[in-house]
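Come along and check each entry against the view.

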Amino acid sequence: MVDVEVCVRLAEDEVSEGLAWESAPLEMLYAAEPWRTFRWYMGQKHYSGPYWSSTQSDHVIYESRLELARLLYADFDRDVTAIVAQPFLLRAGVDGALRRHIPDYLMATTGPLVVDVKPRHRVARPEQAFTFAWTREAVESRGWRYEVWSEPPDAELANVRFLAGYRRDWLFEPDLPEEIPGLPVDEEPQPERLFDPVILDEVRDRVVDGDTLGEAFACLPDRPAPLVRAAALHLLWKQQWMTDLSVPLSARSVLRVAS
């Protein structure tokens, strides 16, 4: 492989092109905008959309259900501190031709991680394998990690997807507004709170290592059951508790307090 260049799209349609890959600032790559324009249109082949990431406290785009699954896993990973979609365009001379590739994600974890997402049945196709091979060589030349990610186990994905419904930390903040802005005071509804920071602390204190999820749901019988369940599931999402996610979650799931 000859020299590798990287192109980065920044805010306000500014594009930095032809940067030397080995010296492109990591801070610039973490601040990149998605390389491709994100669109929805009638009849499109791919399932795409924005995912609200608790890691980013913002939306991150995906272009397939498999990419959405990878985002869920990244959001669930305590070591991931940043997620950038379509972070850059790589250009490299390989086998006498100019090659181009846009990885799916760049993640800040224990060192930068560049991720391509591809269904398992397509990973071994010669054209895909060739692209992944030279991309891996380029990424690892900087001492970074490279990953080609395919379908996870069904039960595990179902559990992570379910727990992601309880991922929003801000819903447990004590100063969560109880009023809906823009409505006259006498017309404001009284919303039923679905999350409660006081109950979250009480559940955290009450449940001990070895309790089941069912026991966690029942640990505060004098509190509203939906709020207790929400607190317990948020603690599982935050991985302050751990359990076996290789089998479907149930009332019998045993909880382990994370060290």
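Is alanine 69 buried or exposed? Alanine 69 is buried, at a relative accessible area of 3%; I use buried for under 20% relative accessible area, exposed for over 50% and partly exposed for in between, with a 1.4 Å probe and protein chains only.

Before going on, I noted that this is a predicted model, where local features need pLDDT of at least 70, side-chain atom pairs count only at pLDDT 80 or more, and totals for chains, interfaces and linings use all residues. Residues are numbered from 1 along each chain as its sequence is written, and side-chain values use heavy atoms, with hydrogens and water left out.

**Entry: alanine 69.** I found alanine 69 in helix 2 (residues 65-76). Helices (H or I, at least four residues) and strands (E, at least two) are DSSP runs, numbered from the N terminus. Not counting residues up to four places away in sequence, alanine 69 touches Trp149 and Leu157, where contact means heavy atoms within 4.5 Å.

**Entry: the cores.** I looked for nonpolar cores, meaning sets of buried Ala, Val, Leu, Ile, Met, Phe, Trp, Tyr and Cys residues joined through side-chain atoms within 4.5 Å. The largest has 49 residues, and Tyr105, Val203 and Trp241 touch the most other members. Helix 8 (residues 225-237) gives this core its largest share, nine residues. Apart from it lies another core of 21 residues, including Val4, Leu10, Leu90 and Phe132. I then followed valine 203: beyond four places in sequence, it touches Cys219, Leu220, Val228, Ala231, Ala232, Leu235 and Trp241.

**Entry: histidine 101.** I placed histidine 101 in strand 7 (residues 97-101). Histidine 101 counts as buried because its relative accessibility is 13%. Its side chain makes a polar contact of 2.9 Å with that of aspartate 116. By polar contact I mean a pair of N or O atoms within 3.5 Å; within protein, one must be able to donate a hydrogen and the other to accept it, and residues adjacent in sequence count only if both atoms are side-chain atoms. Leaving aside neighbours within four places in sequence, the contacts of histidine 101 include Thr131, Trp134 and Thr135.

**Entry: helix 4.** Helix 4 (residues 126-140) has 15 residues and reaches 21 Å from its first C-alpha to its last, close to the 21 Å expected; the expected span is 1.5 Å times one less than the number of residues.

Entry: I saw strand 1 (residues 4-9) and strand 2 (residues 15-20) pair in the antiparallel sense over four bridges; strands pair if DSSP finds at least two bridges between them. Valine 6 has leucine 19 as its bridge partner in strand 2. Five residues lie between the strands, and in this hairpin glutamate 12 takes a positive phi near 60°.

Entry: Aspartate 95 has a phi near 55° and sits in the loop between strand 6 and strand 7. Aspartate 95 counts as exposed, at 65% relative accessibility. Glutamine 239 has a positive phi of about 60° and counts as buried, at 11%.
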